[in-house]
Amino acid sequence: MTTLSNKFQFVCLASILILRTWVIHALCRPLNDEFVLQRHQEWMAQHGRVYKDAQEKERRYNIFKNNLEYIENFNNDVDRGYKLAINKFAGLTNEEFRGLYTGYKRKTSKAVTTSKDTSFTHVNLTAVPASLDWRKKGAVNHVKDQGRCGCCWAFSAVAAVEGITQIKTGKLISLSEQELVDCDTKSGNQGCEGGLMDTAFEFIKSNGGLTTEADYPYEEIDGNCKTKKVATRAAKITGYKDAAESEALLQAVENQPVCVVIEGSGRDFQFYKSGMFKGKCGTNLDHGVTAIGYGTESDGTKYWLVKNSWGTKWGEDGFMRI
C-alpha cells in the first residue's frame with residue numbers, strides 16, 4: 001500500500017478555462033451523397049455501429065452527414081489554428097453529445113465544502129518555468145475513456161491525485177474512478193449523472209484514500225459500492241484548494257497536475273483533432289478535465305496542456321492544447 005508520508009495540498013480550479021466554439025461564417029458547401037455514404041459506412045464499420053432498423057439508420061446517417069459537412073467546411077475555411085475530424089461522436093447531435101459525455105455539476109446545497117482549505121494564491125511567478133509537461137516527468141497516466149457515463153468529474157479528480165501521488169512517492173499508480181462513481185454518493189455526486197471534483201476530494205480524504213483501478217475496474221455504469229474491493233488504499237490526500245486566478249493556476253500546475261472545469265460541450269470541442277484550440281468566453285461550465293502543463297507557441301501564443309477522458313482517438317491522442 002502506497003501512502004504519502006508528508007502533508008500536501010491538492011489544488012482544484014473551477015472557473016478559469018471557459019470556452020465556446022467559433023461561429024463558422026463561410027458558406028456551407030454541400031457534400032456529394034456518394035462520398036458521405038461511403039464515409040458513413042466506413043465509420044460504422046470502424047466503430048461497430050449497428051442500428052435497430054432502417055429508420056434509425058437513416059436518422060443517424062443524416063446526423064453524420066450534417067456533422068461531416070460542418071467539419072469539412074471548418075477545415076477548408078480560414079485557418080483558425082486547429083483542425084476538426086470525424087470521430088466516435090460523429091453519429092450524435094451536439095445535444096446528445098453534451099448529455100452523454102460531459103457531467104460536471106455546479107455546487108448544490110448538498111455539496112460538502114466544510115474542510116476545504118483557503119484559496120490557492122500565487123506567490124512568485126518569476127520562479128515558474130516557461131513551459132512544463134508533467135507527462136515528461138512521469139506524473140501522467142495513460143488516457144482513459146469515460147464512455148457514455150457522465151463522470152468526467154471522477155476522471156479529472158483521479159488524474160490529479162495520480163499525479164501528486166507520483167510526485168510524492170515516485171510511483172505512478174492507476175487509481176479507481178469506479179470507486180468514486182459507486183461509493184461517493186452521499187456528498188451530492190451522482191455517478192454517471194454528474195458530480196464535482198471538490199466533493200470527490202472530500203470523499204477521498206474522509207474515505208482514507210482510493211484503491212487501484214486493477215482492484216476496482218471501471219465499468220461505465222452506476223453500481224453499488226463494493227466495500228470488499230476498497231479495503232486497500234493505494235493513495236491518500238490530506239486537503240485541496242481552489243485556484244481563482246490564472247496566475248494561481250499557473251503556479252499550481254507548476255507544482256502538480258490540477259483538475260479544471262471547462263465548457264467542453266461545443267461542436268468544435270466535440271470534433272477537436274489537433275492544433276491550438278481557441279474559443280470565446282462562456283459560462284456553461286460542464287466538463288472536468290486535468291491541466292497537466294503549459295507552454296508558448298512559436299508565435300507567442302500561450303496555452304494550457306489538458307488531459308481529457310474520451311480515449312486516445314479524440315484530440316491529440318487524448319490530449320489538447322487550449
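What follows is a talk about salt bridges, disulfides and cavities.

Modeller: Before anything else, this is a predicted model, where local features need pLDDT of at least 70 and side-chain atom pairs count only at pLDDT 80 or more, while totals for chains, interfaces and linings use all residues. Residues are numbered from 1 along each chain as its sequence is written, and side-chain values use heavy atoms, with hydrogens and water left out.

Colleague: Okay! What makes D145 and K88 a salt bridge?

Modeller: The rule asks for a side-chain nitrogen of Lys or Arg within 4 Å of a carboxyl oxygen of Asp or Glu. For D145 and K88 the N to O distance is 2.7 Å, so the pair passes the rule. The general idea is that side chains of opposite charge can pair when their charged atoms come close.

Colleague: Where do D145 and K88 sit in the chain?

Modeller: D145 is in the loop between β3 (132-133) and α4 (152-169), and K88 is in the loop between β2 (82-84) and α3 (94-101). They are 57 residues apart, and the pair links distant parts of the chain. As for the names, helices (H or I, at least four residues) and strands (E, at least two) are DSSP runs, numbered from the N terminus.

Colleague: Why is D145 called partly exposed?

Modeller: Buried means under 20% relative accessible area, exposed means over 50%, and partly exposed is in between (1.4 Å probe, protein chains only). D145 has 33% relative accessibility, so partly exposed is the label.

Colleague: What about E162 and K144: are they buried or exposed?

Modeller: Both E162 and K144 are buried. Their side chains also meet in a salt bridge, at 2.9 Å from N to O. E162 is in helix α4 and K144 in the loop between β3 and α4, 18 residues apart.

Colleague: How do you know that E297 and R321 form a salt bridge?

Modeller: Their closest N and O atoms are 3.3 Å apart, so they meet the salt-bridge rule. E297 is in the loop between β7 (287-296) and β8 (302-307), while R321 is in strand β9 (residues 319-321). The two get their own labels: E297 has a relative accessible area of 28%, so it is partly exposed, whereas R321 has 18%, so it is buried.

Colleague: How many salt bridges does a search of the whole structure find?

Modeller: The search finds 14. Some are joined up: E56, R59, R60 and E96 are linked in a network of salt bridges.

Colleague: On to cysteines. What makes C149 and C192 a disulfide?

Modeller: A disulfide here is a pair of cysteine sulfur atoms within 2.5 Å. The sulfur atoms of C149 and C192 are 2.0 Å apart, so the pair counts. C149 is in the loop between β3 and α4, and C192 is in the loop between α5 (177-183) and α6 (197-207), 43 residues apart. Both C149 and C192 are buried.

Colleague: And which cysteine does a disulfide join to C183?

Modeller: That's C225, with 2.0 Å from S to S. The torsion about the S-S bond is about 90°, so this disulfide is right-handed. By contrast, the link of C149 and C192 is left-handed, with -95° about the S-S bond. C183 is buried at 13% relative accessibility, but C225 is partly exposed at 36%.

Colleague: Last topic: what makes something a cavity?

Modeller: On a 1 Å grid over the protein atoms alone, a cavity is a set of points where a 1.4 Å probe fits but cannot get out, and lining residues have an atom within 4 Å of a point. The structure holds 2 cavities of 30 Å³ or more. The largest has about 80 Å³ of space and is lined by 13 residues, among them F155 and K307. Helix α4 gives the largest share of that lining, 5 residues.

Colleague: Which residues line the second largest cavity?

Modeller: H47, N87, K88, W310, K313 and W314 line it.

Notes
On a 1 Å grid over the protein atoms alone, a cavity is a set of points where a 1.4 Å probe fits but cannot get out, and a pocket is an open set with protein on both sides within 12 Å along at least five of seven lines; lining residues have an atom within 4 Å of a point. Grid points are joined across faces, edges and corners, and a volume is the space filled by probe spheres set on the points.
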